[in-house]
Amino acid sequence: MNRRLEDFMLAAWSRRGGLSTLLLPLSRLYGLLSARRLRAGARAAWRAPVPVVVVGNILVGGTGKTPVTIAVCQALQARGWRPGIVSRGYGAAVGPRPRLSDEGAAAARLGDEPALIHAATGAPVAVHPRRALAAAALLAAHPDVDVLIADDGLQHTALARDLEIIVQDRRGTGNGRLLPAGPLREPPERLARADWLVTHLAAGEPAPPAASAVPALLNSRASPASPAGAARAPRAVVMRLEPKGATHLASGRDLPWDAWRAEQGAAPCSAAAGIGRPERFFAMLRAAGVVLARTLRVPDHQAIPAEALRGLPPGPILITPKDAVKCAAPHDPRLWAVRAAPVFSDPGWLDALDQALRAAAGRAGADGE
């Protein structure tokens with residue numbers, strides 16, 4: 001979807017206007033077909049011999065799943081887990097067999113997001129549209145892996161999961177309608193079956209009231225991932241990204257953010273991003289004190305064209321790590337990839353995730369005896 005059409009649809013999906021209402025019959029058809037597919041996948045779901053945590057969303061467009069996946073992976077590694085990552089491999093022609101990062105971790109081979117996750121964490125990655133195949137291949141190649149993280153796998157019900165993390169942004173559930181009348185892949189009620197709801201906010205965006213993170217009418221819904229189907233609401237966490245450093249693509253030189261600002265940040269810069277919501281990246285830079293002379297938006301998953309970079313004014317050009325792994329002009333001396341790290345409103349949620357996974361592993365071990 002090009003940016004102009006995407007902006008138009010995002011505006012239409014923010015309210016229940018005439019266009020949205022006109023599309024309601026298609027939305028109902030989408031809902032029926034989607035529910036049928038999800039039920040069929042769940043009936044034939046494959047359960048891995050290790051716990052599985054899924055990071056996904058019900059909202060179309062970039063919500064920030066990749067930084068959440070990276071944060072979860074790094075947090076589990078720090079707590080003694082040996083995680084592996086499974087993903088669809090969007091943007092790569094995967095073929096009939098799963099692809100493993102062991103055999104090459106370039107973005108062209110794995111897809112930009114799996115390549116970025118592997119580069120950031122060092123965790124083994126397997127990609128295939130059928131996540132169960134990817135999971136089985138990864139576990140066969142890496143028998144030491146003791147937890148799987150399914151990146152963007154919420155609607156892939158053919159892979160059974162123990163815990164779910166849904167990531168959303170300030171749009172929440174938009175107008176509450178399914179595609180194409182609204183921005184949702186699943187009904188709003190789906191939020192109540194998650195274990196955590198992470199709301200990704202840009203710099204300066206106000207945090208939503210705690211009571212509105214999940215509508216009150218959903219709070220009594222039960223999660224299939226909960227022991228004995230116990231009824232409870234997902235735990236709500238707010239996430240914001242802050243720049244921590246920058247890497248010069250041409251030389252590989254890496255600077256902490258304060259050092260980069262002291263050395264490079266006095267003059268106006270440009271910023272370019274081919275991610276789901278580029279405005280969040282630009283807002284983060286401005287909040288960190290960067291003066292942006294020009295910004296360049298590129299469709300998600302596409303490489304930033306070299307000719308577009310040449311059209312930007314003199315001075316540093318800041319891009320995201322996701323753009324860096326597929327950059328068409330990595331030797332341009334103006335390019336810097338900005339490393340950002342999430343700041344969570346409740347850092348303890350990762351300890352709770354660790355404990356929940358240990359409980360899931362214990363239940364799996366008891367069932368296998």
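Reader: Where does Pro180 lie?
Author: Pro180 is in the loop between β6 (163-169) and β7 (196-200). Keep in mind that this is a predicted model.

Reader: OK. What kind of peptide bond joins Leu179 and Pro180?
Author: A cis one, with omega at about -5°. Most peptide bonds are trans.

Reader: And which residue touches Leu178, Leu179, Pro180 and Ala181?
Author: Ser27 does, leaving aside residues up to four places away in sequence. Ser27 sits in helix α3 (residues 24-43).

Reader: Is Ser27 buried or exposed?
Author: Buried. Its relative accessibility is 5%, and the cut-off for buried is under 20%.

Reader: What about the loop between β11 (292-297) and α10 (306-310)?
Author: His301 lies there. His301 isn't a glycine either, yet its phi is positive at about 75°. With 23% relative accessibility, His301 is partly exposed.

Reader: And what follows α9?
Author: Gly289, with a positive phi near 95°.

Reader: While we're on α9 (residues 278-287), which of its residues are buried?
Author: Pro278, Arg280, Phe281, Phe282, Met284 and Leu285 are the buried ones.

Reader: Let's go inside. Which residues of the largest nonpolar core touch the most other members?
Author: Val68, Val72, Ile165, Val198, Trp349 and Leu353, out of 34 residues in that core. Helix α4 (residues 65-78) gives this core its largest share, seven residues.

Reader: What does Leu353 touch?
Author: Val53, Val72, Leu163, Ile165 and Trp196, not counting residues up to four places away in sequence. There is another core too, lying apart from the largest one, with 24 residues, including Ala135, Ala150, Leu159 and Ile166.

Reader: Zooming out, how many helices and strands are there?
Author: The protein chain has 12 helices and 13 strands. Its radius of gyration is 21 Å, close to the 21 Å that the globule rule gives for 369 residues, so the chain is as compact as a globular protein of that length.

Reader: What box do the C-alpha atoms fill?
Author: Roughly 60 × 55 × 40 Å, along the principal axes.

Reader: How much of the chain is buried?
Author: 51% of the 369 residues count as buried.

Reader: Last one, charges. How many positive and negative side chains are there?
Author: The chain has 45 positive and 31 negative side chains, and the centres of the two sets are 7 Å apart.

How values were computed. Residues numbered from 1 in each chain as written. Predicted model: local features only at pLDDT ≥ 70, side-chain atom pairs only at ≥ 80, totals over all residues. Heavy atoms only, no water. Helix = DSSP H or I, 4+ residues; strand = E, 2+ residues; numbered from the N terminus. Rg over C-alpha atoms; globule rule 2.2 N^0.38 Å. Buried < 20%, exposed > 50% of the residue type's maximum accessible area, 1.4 Å probe, protein only. Lys, Arg positive; Asp, Glu negative; His and termini not counted. Charge placed at Lys NZ, Arg CZ, Asp CG, Glu CD. Core = buried A, V, L, I, M, F, W, Y, C linked by side-chain atoms within 4.5 Å. Contact = heavy atoms within 4.5 Å.
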